[in-house]
Amino acid sequence: MRTVAICTDRAMDHVLNNADKYILTPYVYPASWPEDGALRQMISLWVLTNLGAELIYLGFGALSFYYVFDHKLMKHPLFLENQVKKEIHLATSSIFWMSFPTVVIFLFEVKGHSRLFDNISECPLGWPGVFLSIAGFLLFTDMCIYWIHRFLHHKSIYKHLHKKHHIFKIPTPFASHAFHPLDGFLTSLPYHIYPFILPLHKGVYLSLFVFVNIWTISIHDGKYLIPGPLICLINGAAHHVDHHLSFNYNYGQYFTLWDHLGGSYRHPSALLGKGPHDYVRRFTAEAKQTQ
């Protein structure tokens, strides 16, 4: 699965305050617009959300595409003509439309309705509690995304939303955020919901925001880096490319737990000598022999 994490929630108040202090108040907004005005905050959050999400997607996506992704995969017969261009167009437009409902959630968070906190002293368990909250965040969001992802594959839903992402059978890192806007917003909801339910440090949440985006890109990069002993536990690129190819397997985001429990786990074909890289190697070798 790929999830655009336009989901920094109340941690966004730090970003917004700094933007107000150094740019928006002195150079953009008239003095008659108070910094805590709802309309001004919504406009600012919308701009910051779009800039941040697009820069993270394009920046980390480009780094992964040029330095990690195996470009030989572009010779695979299922790789579409002008695919990278199509992925980027769909992703950037999706992020734009997703930002509208996302900003509404951000406004509630900036107004202080979440359980995000500033200081470690506010966490009842101190540093151990912070580390437990990270584990809780990953486990909670992984569980939710698994079931949302399976829902999006239901035959009555799939063709309207999730199919846009699955046209890319051999994905590149730029496919990570390429999907229908409603699809992306639904799968981002667990990230928004978590800090309403359980406490989380703002700085940790911002870090998790970046991590989620990098992870989403990494499972589309075609590089199989998960260590052997963890293959059955961690959902990596090898698992996710099989999801793109086989449709009904490996729905997880970070872990394979729910795929095992839900009967949808498939051991990566790439690790059995039957993956896209293997096909391209055989295809290339056969082409050389016929020359």
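**Loop between helix 9 and helix 10**

Asn250 is buried, with a relative accessible area of 0%. This is a residue of a predicted model, placed in the loop between helix 9 and helix 10. Although Asn250 is not a glycine, its phi is positive, near 55°.

The loop between helix 9 (237–246) and helix 10 (257–262) also holds Phe247. Phe247, again not a glycine, has a positive phi of about 80°.

**Nonpolar cores**

The largest nonpolar core has 18 residues, and those that touch the most other members are Phe137, Tyr191, Leu200, Tyr205, Leu208 and Tyr254. At least two residues of this core come from each of strand 1 (116–117), helix 4 (126–152), helix 7 (181–197) and helix 8 (202–218). Helix 8 gives the most, with 5 residues.

Leaving aside residues up to four places away in sequence, Tyr254 touches Leu138, Thr141, Asp142, Tyr191, Phe211, Val212, Trp215, Leu233, Ile234 and Asn235.

**Cavity**

The count of cavities of 30 Å³ or more comes to 1. The largest cavity has a volume of about 50 Å³.

Its lining is formed by Leu73, Ile170, Pro171, Ile219, His220, Gly222, Tyr224, Ala237 and Val241. By residue class, the lining of the largest cavity divides into 7 nonpolar and 2 polar residues, with no charged ones.

Terms used. Residues are numbered from 1 along each chain as its sequence is written. This is a predicted model: local features need pLDDT of at least 70, side-chain atom pairs count only at pLDDT 80 or more; totals for chains, interfaces and linings use all residues. Side-chain values use heavy atoms; hydrogens and water are left out. On a 1 Å grid over the protein atoms alone, a cavity is a set of points where a 1.4 Å probe fits but cannot get out, and a pocket is an open set with protein on both sides within 12 Å along at least five of seven lines; lining residues have an atom within 4 Å of a point. Grid points are joined across faces, edges and corners, and a volume is the space filled by probe spheres set on the points. Ala, Val, Leu, Ile, Met, Phe, Trp, Tyr, Cys and Pro count as nonpolar, Asp, Glu, Lys and Arg as charged, and the others, Gly among them, as polar. A nonpolar core is a set of buried Ala, Val, Leu, Ile, Met, Phe, Trp, Tyr and Cys residues joined through side-chain atoms within 4.5 Å. Buried means under 20% relative accessible area, exposed over 50%, partly exposed in between (1.4 Å probe, protein chains only). Helices (H or I, at least four residues) and strands (E, at least two) are DSSP runs, numbered from the N terminus. Contact means heavy atoms within 4.5 Å.
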